[in-house]
Amino acid sequence: MQHDAAMALTGPPAVHDELVHLTRQLMTGDRHSEDHPSIAQHSFLSFIGRNDGCKATEISEVFGVNRSTISRQVRGCIEAGWVYADPGSVRQGNPLHLTEAGRKYLDAADARRLDQVAGRLHDWTESEVADFARALHRFRISIESQTNGDDTL
C-alpha cells in the first residue's frame, strides 16, 4: 500500500510527503466541472468575495502569478456570469465584484468542500479534530512568518 510506504518516513520528510500527497489530491481530485470550480477558480472567486472591488493587479500580486493568468481567470469568470467588472480605465484596472450567481456558486462550492472535510473527519474525536486544526494553524503561521505570506488566499 502506497500510504504505508509514506508512513515509514519520520520527522520533516514524513510531513513533507503527506503535504505533497494532500496537495496533489486537492489539485487533481477536484477538477472543474459545471458544478465544481477548479481550485484556481475557487481561490480567485473567494478572494474577490472577501475583497469586493479588488483589481486584477492586486490579485496577481497576492497570488504571485502573472497578470495575464489573472486576466484569463477574470475573462472566464465574467463569461460564466460569476464576476462583473466596473467600467473604467483598463490601464488602472477595473474593480471586480461577485455577481449573485457567483456568490451562489461559491457558497455551494464551499459547502461541498466543507462536507468533504467533515466526511474525512467523521470518525475522529472532537479532541483529535481540535489538535489537527491547531497543528495546521501553527504550521501555516510559521510559513507565513518566514515568507511574509498573506492569509487571505
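The structure is a predicted model, and its secondary structure comes to seven helices and two strands, arranged from the N terminus in the order α-α-α-α-α-β-β-α-α. The chain has 153 residues, of which 23% count as buried. Among the contacts in the chain with a separation of 6 or more, 50% are accounted for by residues 24 or more positions apart.

**Packing of α3 with α4**

- Helix α3, which covers residues 39-50, and helix α4, which covers residues 56-63, have axes that come within 11 Å and cross at roughly 120°.
- Angles from 65 to 115 degrees count as roughly perpendicular and those over 145 as roughly antiparallel, and α3 and α4 are therefore oblique to each other.
- The crossing in which α3 passes α4 is right-handed, and the contact is formed by Ser43, Phe44, Phe47 and Ile48 on the α3 side, with Ile59, Val62 and Phe63 on the α4 side.
- By class, the residues of this contact of α3 with α4 comprise six nonpolar, one polar and no charged.

**Packing of α4 with α5**

- The axes of α4 and helix α5, the latter spanning residues 67-79, come within 9 Å and cross at roughly 120°, and α4 and α5 are therefore oblique to each other.
- Here α4 passes α5 in a crossing that is right-handed, with Ala56, Thr57, Ile59 and Ser60 of α4 making the contact with Arg67, Ile70 and Val74 of α5.
- The contact of α4 with α5 divides by residue class into four nonpolar, two polar and one charged.

**Packing of α3 with α6**

- The axes of α3 and α6 come within 10 Å and cross at roughly 120°, an arrangement that makes α3 oblique to α6.
- The crossing of α3 past α6 is left-handed.
- On the α3 side the residues involved are Ile39, His42, Leu45, Ser46 and Gly49, and these meet Arg103, Tyr105, Leu106, Ala109, Asp110 and Arg113 in α6.
- The make-up of the contact of α3 with α6 is five nonpolar, three polar and three charged residues.

**The nonpolar core**

- The largest nonpolar core has 16 residues, and those with the most contacts inside it are Phe44, Leu45, Ile48, Ile59, Val83 and Leu96.
- At least two residues of this core are supplied by each of α3, α4, α5, β2 (96-98) and α6 (100-120), while the largest share, four residues, comes from α3.
- Leucine 96, one of the core residues with the most contacts, touches Phe44, Ile48, Asp52, Gly53, Cys54, Lys55, Ala56, Ile59, Val74, Val83, Tyr84 and Ala85 when residues up to four places away in sequence are not counted.
- Ile59 is likewise among the core residues with the most contacts; on the α4 side, Ile59 takes part in the contact with α3 and also in the contact with α5.

**Serine 60 in α4**

- Serine 60 lies in helix α4 and, with a relative accessible area of 11%, is buried, because the limit for that class is under 20%.
- When neighbours within four places in sequence are left aside, the contacts of serine 60 are with Val65, Asn66, Arg67 and Ile70; two of these partners, Arg67 and Ile70, belong to the α5 side of the contact of α4 with α5.

**Threonine 99 between β2 and α6**

- Threonine 99 is found in the loop between β2 and α6, and it counts as buried because its relative accessibility of 19% is under the 20% limit.
- Not counting residues up to four places away in sequence, threonine 99 touches Gly81, Trp82, Val83 and Tyr84.

**Arginine 50 in α3**

- Arginine 50 is found in helix α3 and is partly exposed, with a relative accessible area of 45%.
- Arginine 50 and histidine 97 are 47 residues apart in sequence, and their C-alpha to C-alpha distance in space is 9.7 Å.

Key. Residues are numbered from 1 along each chain as its sequence is written. This is a predicted model: local features need pLDDT of at least 70, side-chain atom pairs count only at pLDDT 80 or more; totals for chains, interfaces and linings use all residues. Side-chain values use heavy atoms; hydrogens and water are left out. Axes are lines fitted to C-alpha atoms, for helices over the stretch in contact, and angles run from 0 to 180 degrees between N-to-C directions. Angles under 35 degrees count as roughly parallel, over 145 as roughly antiparallel, 65 to 115 as roughly perpendicular and the rest as oblique. A crossing is left-handed if the near helix is turned anticlockwise from the far one by less than a right angle, and right-handed if clockwise. Contact means heavy atoms within 4.5 Å. Ala, Val, Leu, Ile, Met, Phe, Trp, Tyr, Cys and Pro count as nonpolar, Asp, Glu, Lys and Arg as charged, and the others, Gly among them, as polar. Buried means under 20% relative accessible area, exposed over 50%, partly exposed in between (1.4 Å probe, protein chains only). A nonpolar core is a set of buried Ala, Val, Leu, Ile, Met, Phe, Trp, Tyr and Cys residues joined through side-chain atoms within 4.5 Å.
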